[in-house]
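Subject: Structure for you, with notes

Hello,

Here is the structure I promised to send over. Please open it alongside this email, and my notes follow below.

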Amino acid sequence: MVPDRAPGRGINRVAPRYDALMGTARPVDSSRFEQVVVPQLDAAYNLARWLTRNASDAEDVVQDACERALKYMAAFRGGEPKAWFLTIVRHAGYDWIKRNRPTELIADGTDAIERAADTAMPTPEQNALRNASSTALTEAIAALPLGYREVLILRELEELPYRDIARVVDIPIGTVMSRLARARALLQRSPLLIAIRERSGGS
Amino acid sequence: MNCHEAMAMLPTYSDGELDAVQSAAMEKHVLGCPECSAQRDALAALRVRIRSEAPYYPAPAALREKVRAALARTPLAAHPAPRPPRERWHWLSAGALAGSAATVFAWFLGTAVLDWRVSTDLDAEVVANHARATLAHRLTDVSSSDRHTVKPWLSSRLDYSPPVQDFTADGWPLVGGRLDYLGGQAVATLVYRYREHTIDVFVRPLSGGVVAPTPSLTARRGFNVAHATGAGMEWWGVSDVSADVLAALVARLAHGE
């Protein structure tokens with residue numbers, strides 16, 4: 001549950017995936033890739049990082065997404081490049097989770113959501129270690145179930161409009177709204193945040 | 001707007017996803033309601049906290065470098081390898097054939113996209129007109145439920161005479177008419193009421209095109225738009241009433257009943 005706080009970790013061991021891509025002799029429009037995908041790499045990594053909660057896994061996901069984007073580049077017909085690429089990143093992220101942490105997807109039902117929020121109660125040791133409230137918030141967001149975490153990140157950190165979130169996550173706008181409301185409510189009463197608030201004497 | 005409605009719409013409001021009319025109504029309500037304004041502040045505080053305290057993870061330089069390096073080694077589509085001369089004719093004729101097919105296809109696509117663009121632009125315009133009139137409380141230039149008053153008022157100011165009907169018996173009383181600007185020309189707007197809602201119906205003469213009196217529906221910024229052609233006119237109904245109510249009214253007008 002504790003997110004990896006070292007974003008640089010694992011960089012040196014991610015090369016092989018990309019060489020597989022190089023093996024394909026199919027000509028691709030790399031200048032288009034340069035224009036459409038490269039400017040979105042920060043957003044892509046940020047989303048992948050929040051989905052996988054780990055730096056090196058996020059790199060794997062982004063590389064996988066780049067491969068897919070290159071393959072589907074011809075299918076991109078203009079429009080919002082950020083939403084287009086983030087849709088691919090999210091798919092790559094979900095495939096990664098399916099392969100590596102399938103239980104997280106099964107646990108993403110509504111019943112499990114309440115449990116996830118409640119079992120995120122910090123231990124005294126964690127409380128002692130944690131002195132920055134930003135760590136508590138990061139952990140509270142990381143503890144949100146996947147379906148809620150992703151809409152919150154897309155809205156608050158990527159600042160996408162509802163329409164684009166609906167496209168990336170492939171859900172109706174009404175569901176975007178209800179998931180956002182739920183994610184915010186869970187954060188507002190997260191034990192992780194309440195613990196910090198009480199220790200720092202309210203606010 | 002009552003408290004219950006306001007509470008439900010607060011997150012959408014704070015996400016900046018309400019249109020001008022709804023935002024204005026929301027601001028008015030929040031000013032006079034301590035509970036709603038507290039909830040609004042709580043939402044704003046959470047947003048500030050998330051944006052300032054939750055880390056945004058930018059792509060590490062090494063990852064960026066790897067993507068660029070991989071790209072540099074990718075074969076380019078723009079520079080295909082030269083082919084032996086004998087094969088060239090072959091490819092030229094096939095290329096010409098494919099090229100002309102592509103041109104025809106692009107033309108079809110282009111006209112389809114243009115049609116679609118024009119209709120969505122007009123949809124946006126009618127919604128903006130409706131919102132402006134509601135905001136400024138300038139719903140009608142001529143207020144009358146009598147179609148024999150509304151019709152001559154409109155036709156004396158336009159180069160056409162729109163059919164005007166009153167549907168009080170069916171639940172859509174005619175409130176009046178006004179002049180609007182749509183697609184670069186002055187058009188007649190008929191104003192109806194349905195319960196507490198205002199329905200604007202924009203009318204202009206049909207210039208060619210297909211007669212389709214069954215309305216096609218779209219939703220824009222929380223408003224429903226129903227478009228139909230018939231009775232020699234083109235009709236757009238705009239309102240926040242439910243789509244089926246709006247469609248029924250526009251269908252009646254377009255069928256000339």
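Contact here means heavy atoms within 4.5 Å. With that cut-off, take the contacts in chain B with a separation of 6 or more: residues 24 or more positions apart account for 56% of them. In chain A, the corresponding share is 74%. Please keep in mind that this is a predicted model.

**The two chains**

Chain A first. Its secondary structure comes to 13 helices and zero strands. Chain A has 203 residues, and buried ones make up 54% of them.

Now chain B. It has seven helices and seven strands. Along the sequence the pattern is α-α-α-α-α-β-α-β-β-β-β-β-β-α. Of the 257 residues in chain B, 37% are buried.

**A helix pair within chain A**

Look at helix α3 (residues 41-52) and helix α5 (residues 81-100) of chain A. Their axes come within 10 Å and cross at roughly 30°. Angles under 35 degrees count as roughly parallel, so α3(A) and α5(A) are roughly parallel to each other. The crossing of α3(A) past α5(A) is right-handed.

Which residues make the contact between α3(A) and α5(A)? From α3(A) come A:Leu41, A:Ala43, A:Ala44, A:Leu47, A:Ala48, A:Leu51 and A:Thr52. From α5(A) come A:Lys82, A:Phe85, A:Leu86, A:Val89, A:Arg90, A:Gly93, A:Tyr94, A:Trp96 and A:Ile97. Sorted by class, the contact of α3(A) with α5(A) has 12 nonpolar, two polar and two charged residues.

The α4(A) side of the contact consists of A:Glu59, A:Val62, A:Gln63, A:Cys66 and A:Leu70. The α4(B) side consists of B:Leu63, B:Lys66, B:Val67 and B:Leu71. By class, the contact of α4(A) with α4(B) has six nonpolar, one polar and two charged residues.

Is A:Leu70 buried or exposed? Buried means under 20% relative accessible area, and A:Leu70 has 4%, so A:Leu70 is buried. A:Leu70 and A:Val37 are 33 residues apart in sequence. In space, their C-alpha atoms are 8.8 Å apart.

**One aspartate in chain B**

Last stop: B:Asp19. Where does B:Asp19 lie? It sits in the loop between α1 (3-14) and α2 (20-31) of chain B. B:Asp19 is a charged residue by class, and it is buried, with a relative accessible area of 5%. The side chain of B:Asp19 reaches the backbone nitrogen of B:Gln22 at 3.0 Å. Leaving aside residues up to four places away in sequence, B:Asp19 touches B:Arg221 and B:Phe223.

**Where to start**

Best wishes

Conventions: Residues numbered from 1 in each chain as written. Chains lettered and ligands numbered in written order. Predicted model: local features only at pLDDT ≥ 70, side-chain atom pairs only at ≥ 80, totals over all residues. Heavy atoms only, no water. Helix = DSSP H or I, 4+ residues; strand = E, 2+ residues; numbered from the N terminus. Buried < 20%, exposed > 50% of the residue type's maximum accessible area, 1.4 Å probe, protein only. Polar contact = N/O pair within 3.5 Å; in protein donor to acceptor, adjacent residues only side chain to side chain. Axes fitted to C-alpha atoms, helices over the stretch in contact; angles between N-to-C directions. Parallel < 35°, antiparallel > 145°, perpendicular 65-115°, else oblique. Left-handed = near helix turned anticlockwise from the far one by under 90°.
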